[in-house]
Amino acid sequence: MEFLDVVRRRKTTNGPFLPTPVQEEHQRLLMEVAGRAPSQLNSQPWRFVLIDDRSTIETIADISGSSMTEAMSNGTFFERYKPYFRFSAREMEEKRSGMLFDRLPAPLRPFTGQAFTPRGQKLMNALRVPQTLGAENRKLVAGSPLLIGVMLDRAEYRPGELSSFYSVFSMGAAMENIWLTTVELGMGIQFISFPMEVPGRWAEIERLLAVPDDLELMAVYRLGYLPDDQRRPAIDWTSHERKLPSQYVFRGTCQTPQTGWDETPRVES
């Protein structure tokens, strides 16, 4: 597969994976590509833990599902992320960012226009929509054959210092390498984020994984092979207009060390 094709096919997997265990050679490959990511002074601040133990995955699934139920019930999730939700193709085209919810989970569809209102929140709670969504989230995580936890060395990850930025930036590059490689392997990947949304729940995962004191657990992802009907089809990009989102287009003047104010636009649409 060509590299640009891999980049264009990359996405987050919101659906289930096949129950097939992830091959050991593929696990090794994911760790290899992570280790080939750039890092400041080749510090390689990342550490990874691969989780395929069923009882551990089940426990993390319980934490994730109940965290989603709580975040959905108290309204913090919608309040925090409503700037990024798009409910029509027209809105997505106008914003050129965020997530298009054209296939909302069935329990949420009746509340599309009211999800961000107090009345909508009360209705969802009365109909136990958060519990339904939490159960679905738990099922997705529990059905994943592999989880990956990514940690940073506290010797490099020192919040408030420049080394913290370098280490987080490097971790992002390592995870992007993993993400792109899943495309090549016919796999999917998704960030397990809800335990971070509720106070105290992330610490439960840290204790479960026995994270050493000198490491900081930054994220946990679920991975697995995709069913054929979920694999993203190839796109003929030669027949599509390659248009940058509006926030990437700069016009006017910009300052350069060599020439001062340069009247030439740096990027054109």
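Helices here are DSSP runs of H or I with at least four residues, strands are runs of E with at least two, and both are numbered from the N terminus. The model you are looking at is predicted, with local features needing pLDDT of at least 70, side-chain atom pairs counting only at pLDDT 80 or more, and totals for chains, interfaces and linings using all residues. Residues are numbered from 1 along each chain as its sequence is written, and side-chain values use heavy atoms, leaving out hydrogens and water.

Let's start in helix α8 (residues 162–184), where Phe-165 and Phe-169 are four residues apart and therefore separated by about one helical turn. Phe-165 is partly exposed at 48% relative accessibility, while Phe-169, at 57%, is exposed (buried means under 20% relative accessible area, exposed over 50%, partly exposed in between, with a 1.4 Å probe and protein chains only).

Now for the rings. The structure holds six aromatic pairs; rings of Phe, Tyr and Trp (its six-membered ring) pair if their centres lie within 6.5 Å, and planes under 30 degrees apart count as stacked, over 60 as edge-to-face and the rest as tilted. Phe-165 and Phe-169 form a tilted pair, because their ring centres are 5.8 Å apart and their planes stand at 40°.

Further along, Trp-179 and Tyr-221 pair edge-to-face, with 5.9 Å from centre to centre and 80° between the planes. Since Trp-179 lies in helix α8 and Tyr-221 in strand β6 (residues 215–225), this pair ties together parts that are 42 residues apart in sequence. Trp-179 is buried at 13% relative accessible area, and Tyr-221 is buried at 11%.

Elsewhere, Phe-77, Tyr-81 and Phe-194 are linked into a cluster by ring pairs.
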